[in-house]
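I opened the notebook and went through this one step by step. Here is what I looked up, in the order I looked.

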Amino acid sequence: MFEKSPKSYTDLLGKTNRIVEGTIIQGNITSPADFRLDGHLIGNFQSKGKLVIGPAGMVKGDVICKNADIEGVFEGKIQVLEILNIKAKAHIKGEVICGKLSVEPGAEFSATCVMKPQVKNLPNDGQSKEEKAS
């Protein structure tokens with residue numbers, strides 16, 4: 001009557017991937033879960049979760065994710081659907097597209113920035129209401 005399905009190790013231990021300090025990855029990373037990067041990534045990153053770039057972390061490339069906290073170095077284009085938090089020790093260069101932006105005093109922010117509210121309901125055919133009326 002009260003059967004419990006066995007949980008995977010990922011569910012038991014949490015769904016955060018981690019690249020530790022001193023690790024260098026050259027290539028692209030795709031992850032469905034949250035991700036913490038304390039090493040270096042030279043390449044692109046895509047996640048449906050949150051990306052945390054720690055104080056020793058560095059990314060050179062394009063990033064697409066749901067939320068992000070940056071405390072290290074980022075150089076490239078980053079697209080964050082919801083909230084981008086830039087910590088005081090962060091260094092950002094490039095292009096930023098986000099829903100909401102939070103920048104702590106002391107952060108180096110040398111980027112173009114576009115803030116777009118998250119689009120929740122897109123029409124099926126890609127037309128706006130005005131285009132459908134005409």
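**Salt bridges**

I began with the charged side chains and found that Arg18, Arg36 and Asp38 are linked in a network of salt bridges. I kept in mind that this is a predicted model.

Asp38 is at 6%, so I noted Asp38 as buried.

I then asked how many salt bridges there are by this rule. The count comes to five.

Next I looked at Lys50 and Asp69, which form a salt bridge with their closest N and O atoms 3.1 Å apart. This pair links distant parts of the chain, with Lys50 in strand S7 and Asp69 in strand S10, 19 residues apart. Lys50 is partly exposed, at a relative accessible area of 30%.

I also wrote down the salt bridge between the side chains of Glu82 and Lys66, at 4.0 Å from N to O. Glu82 lies in strand S11 and Lys66 in the loop between S9 and S10, so this pair ties together parts that are 16 residues apart in sequence. Glu82, at 27% relative accessibility, counts as partly exposed. Lys66 is partly exposed too, with a relative accessible area of 35%.

**A closer look at Asp69**

I went back to Asp69, which lies in strand S10. Buried means under 20% relative accessible area, and Asp69 has 13%, so I filed Asp69 as buried. What does the side chain of Asp69 make a polar contact with? The partner is the side chain of Lys50, at 3.1 Å.

I listed the contacts of Asp69 as well, leaving aside its neighbours within four places in sequence: Lys50, Leu51, Val52, Ile53, Asn85 and Lys87.

**The nonpolar core**

I turned to the largest nonpolar core, which has 22 residues. Which of them touch the most other members? They are Val63, Ile70, Phe74, Ile78 and Leu84. I then traced the elements that give two or more residues to this core, and they are strands S4 (34–37), S7 (50–53), S9 (63–65), S10 (67–70), S11 (73–86) and S12 (91–103). S11 supplies the largest share, five residues.

Val63 touches Phe45, Leu51, Phe74, Lys77, Ile78 and Gln79.

**Strand pairing**

I followed S11 to S12 and found that the two pair in the parallel sense over twelve bridges. Phe74 has Ile92 as its bridge partner in S12.

From S12 I went on to strand S13 (residues 108–115), and these two also pair in the parallel sense, over eight bridges. Here the bridge partner of Cys98 in S13 is Met115.

**The chain as a whole**

I finished with the totals. The chain has two helices and 13 strands. Buried residues make up 29% of its 134 residues. Last, I looked at contacts between residues at least 6 apart in sequence, and 1% of them join residues at least 24 apart.

Conventions. Residues numbered from 1 in each chain as written. Predicted model: local features only at pLDDT ≥ 70, side-chain atom pairs only at ≥ 80, totals over all residues. Heavy atoms only, no water. Core = buried A, V, L, I, M, F, W, Y, C linked by side-chain atoms within 4.5 Å. Buried < 20%, exposed > 50% of the residue type's maximum accessible area, 1.4 Å probe, protein only. Helix = DSSP H or I, 4+ residues; strand = E, 2+ residues; numbered from the N terminus. Contact = heavy atoms within 4.5 Å. Polar contact = N/O pair within 3.5 Å; in protein donor to acceptor, adjacent residues only side chain to side chain. Pairing = 2+ DSSP bridges.
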